[in-house]
Every structure is written in C-alpha cells, then in structure tokens.
Amino acid sequence: MTRRGVILFAALGLAWGVPYLLIKVAVGELEPAAVVLGRTAIGAIVLLPIALFRRQVLVVLKRWKPLVAYTIVEILLPWFFLSSAETRLPSSTSGLLLAAVPIVGVIVAILMGRPERLGVGGVAGMVLGTLGVAALVGLDVSGSDLVGVAELAIVVVGYAFGPAILARWMSDLPGLGVVAVSLALAAVVYAPVTALTGSFPTSVPSLPVIGSVVGLGLICSALAFLLMFALIREIGPVRMTMITYVNPAVAIGAGALVLGERVTVWTIVGFVLVLVGSFLVTRRRGAPEAATLPEPEAAVVVERAGPAGNARPDPR
C-alpha cells in the first residue's frame, strides 16, 4: 500500500477494533436497539450539519435506492445484530465469524461481476489472517447458540455487501454526505423501533455506558465511516474488508489495557499472522486499482457534468 493507505488502514483498524469493548459495556444496561439509536443519532448530529453546509445532502438523496440498500446492509441490520450477538456469544466466536467478511467479500465481488485478482499471495494472506484471528481469540466456541451465530452471519454478509454497493453505485458521491445521510436515516428508523419495543432506558445509564455510546457514535461511526470511504478509494472494496483481521487484534489489545486481560504467546503469534496476512492481501499488484471513491468536492463536478460516469474524479 501507499503510505496514505497504511495510515488509513491503521486508523480504521483502531476505530473499528474499539466497538467490541464499547458495545459490551453498553449492552450491559441498554437494549441493542437503544445502543444503535444512540450511536447513529450522535453520528448524524455531528456529520449532517457539515454535509448540509457543503451541499452534499441533495446530491446523495438523488441516488436514494442504493443509499437505502447501503444503509440497510451496512448499518440497520449489522449494528443491531452485532449488539444482540454480544449478549449471547463469547468474544472469540464473534471474532472468528466476523473474520469471514473478506472471504464473503470476494464472493460478493464475483456475484456482482467485479472479481478481485488477489493471486496466490492474496489467497495466502486471507488464510494467514484467518489463522491469526484464530490464534488471537482462541477456539472457545462453548456457550455459543444458533441464534447468536445466525445474527453474526447477517453481520458478516452485510459488511461484505456494503463496500461493494458503494463502489458500484455510489462511487461518485461525496463520502461525508453518504455517511451523514445514512446515519440520519438509520436514526429515524430506530427511533420508533426503540419506542415501540420498549427499549428506551427507564433510568439514566451509568457514566461508562454513556461514554461507550458516545464513543460508538463519534469514533466508531462518524470518524470510522469517513476513514472507510477514504480507504476504499485507496485500495478497493474487497481489500478494505481485510480490516476485519485487524479488528479482533485491536479488541484484544484494548481488553488487555482496559480490563487487564492476559496476553499470551498465541496473542503475539496472532498479531504477526494478522499483520502479514493483511499486507499480502492489501498490497498493490501491477497497475494501481482505479479510484473507487472521489474526494467530497468531486460531487460538484459530477453534478455539473451530467450523469455519473461522464466525469471521473482524479485518482489519489
């Protein structure tokens, strides 16, 4: 990867490695629907005014069909089922199942007619990454139930389809606008769902829970999605999903620092395998991939030039 790609990959790995810890704290007192509502509402409150100021909302709403599809598969369903699954499954099982996102991403790319040429090194990287996650989180599948496994399966499929939808139907839209509108739509949906299901808290949550929800909204949602858009533009949608190999490593590191969890030899081995596997899959092969997402200002150029595809942004 380029230096910019490495920085983006590391930053997103941190931003999406922390949610495991924050969600675990939040669902200790809140229902999954309330956690998702708080997360999406905070993210939308931060980003939507900026998107409106930059006039990036209307141009996104014009592409409402893929926008709705993206919001469903990337936010509405996965965030609820991930929160729900964390009340049922051991963290090791969650990490192992979510590590399947890159593999499902390759299948999704094939189904959508955009196969990725990973090569022998890329396939080896996926295998090493999976082994690394297994070493990090262990194989403790005891206590798992079929409902929790099914919930995480929905998360895996959703996370694999989200970047593919962005790359195919919304590559010319401003990233900030898409993120802001998607979070706002999700919050609008979850507000009545939370009310109708009686998921609103009956008392003020504790400070750790409030801090966890705020962190989920600001860092793991608003900031992380902007990083994701930039990373997709840099290395492509399938290779971006390799971030799921880094996330469990970050989650274990956060657990060791915050909760005092033990770091073993297998933890170190897992970190090495994850890093090597991520490098093999995300490294460039031959000519650089075409840019999949432009800078936010590119939306103005596309809007003035006509239909998408008539004006292509300059790759960065």
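The dialogue below goes through how some terms apply to this predicted model.

Biologist: What is the protein built from, helices or strands?

Modeller: The protein has 15 helices and zero strands. Of its 316 residues, 52% are buried.

Biologist: Why is α7 called oblique to α9?

Modeller: Helix α7, residues 101-111, packs on helix α9, residues 146-169, at an angle of about 50 degrees, and the axes are 8 Å apart. Angles under 35 degrees count as roughly parallel and those from 65 to 115 as roughly perpendicular, so an angle between these ranges is oblique. Therefore α7 is oblique to α9. The crossing of α7 and α9 is right-handed.

Biologist: Which residues of α7 and α9 meet?

Modeller: From α7 they are V101, V104, G105 and V108, and from α9 they are V156, V157, Y159, A160, F161 and A164. By class, this contact of α7 with α9 has nine nonpolar residues, one polar and no charged.

Biologist: What makes α10 oblique to α11?

Modeller: The axes of α10 (residues 175-196) and α11 come within 9 Å and cross at roughly 140 degrees. Roughly antiparallel requires an angle over 145, and roughly perpendicular ends at 115, so an angle between those two limits counts as oblique. That makes α10 oblique to α11. The crossing of α10 and α11 is right-handed.

Biologist: Which residues make the contact of α10 and α11?

Modeller: On α10 they are G175, L176, V178, V179 and L183, and on α11 they are S221, F225, L226 and F229. Seven residues of the contact of α10 with α11 are nonpolar, two are polar and none is charged.

Biologist: Where does the largest nonpolar core have its most connected residues?

Modeller: That core has 82 residues, and the ones with the most contacts inside it are L12, Y70, L166, M170, V178, M228 and M240. Helix α11, residues 207-235, gives the most to this core, with 14 residues. V178 also belongs to the contact of α10 with α11.

Biologist: Why is G277 called buried?

Modeller: Buried means under 20% relative accessible area. G277 has 0%, so G277 is buried. G277 is in helix α14, residues 265-282.

Biologist: Which residues is G277 in contact with, leaving aside its neighbours within four places in sequence?

Modeller: They are G125, L128, G129 and M242. The C-alpha atoms of G277 and A124 are separated by 7.2 Å, although these residues are 153 apart along the chain.

Biologist: Why is R168 called partly exposed?

Modeller: Under 20% would be buried and over 50% exposed, with partly exposed in between. R168 has a relative accessible area of 40%, so R168 is partly exposed. R168 is found in helix α9. C-alpha to C-alpha, R168 and M112 are 8.7 Å apart in space, and 56 residues apart in sequence.

Biologist: What is R55, buried or exposed?

Modeller: Exposed requires over 50% relative accessible area. R55 has 76%, so R55 is exposed. R55 is found in the loop between α3 (32-53) and α4 (57-61).

Biologist: What is the phi of R55?

Modeller: The phi of R55 is positive, at about 60 degrees, although R55 is not a glycine.

Key
Residues numbered from 1 in each chain as written. Predicted model: local features only at pLDDT ≥ 70, side-chain atom pairs only at ≥ 80, totals over all residues. Heavy atoms only, no water. Axes fitted to C-alpha atoms, helices over the stretch in contact; angles between N-to-C directions. Helix = DSSP H or I, 4+ residues; strand = E, 2+ residues; numbered from the N terminus. Left-handed = near helix turned anticlockwise from the far one by under 90°. Contact = heavy atoms within 4.5 Å. Nonpolar A, V, L, I, M, F, W, Y, C, P; charged D, E, K, R; others polar. Buried < 20%, exposed > 50% of the residue type's maximum accessible area, 1.4 Å probe, protein only. Core = buried A, V, L, I, M, F, W, Y, C linked by side-chain atoms within 4.5 Å.
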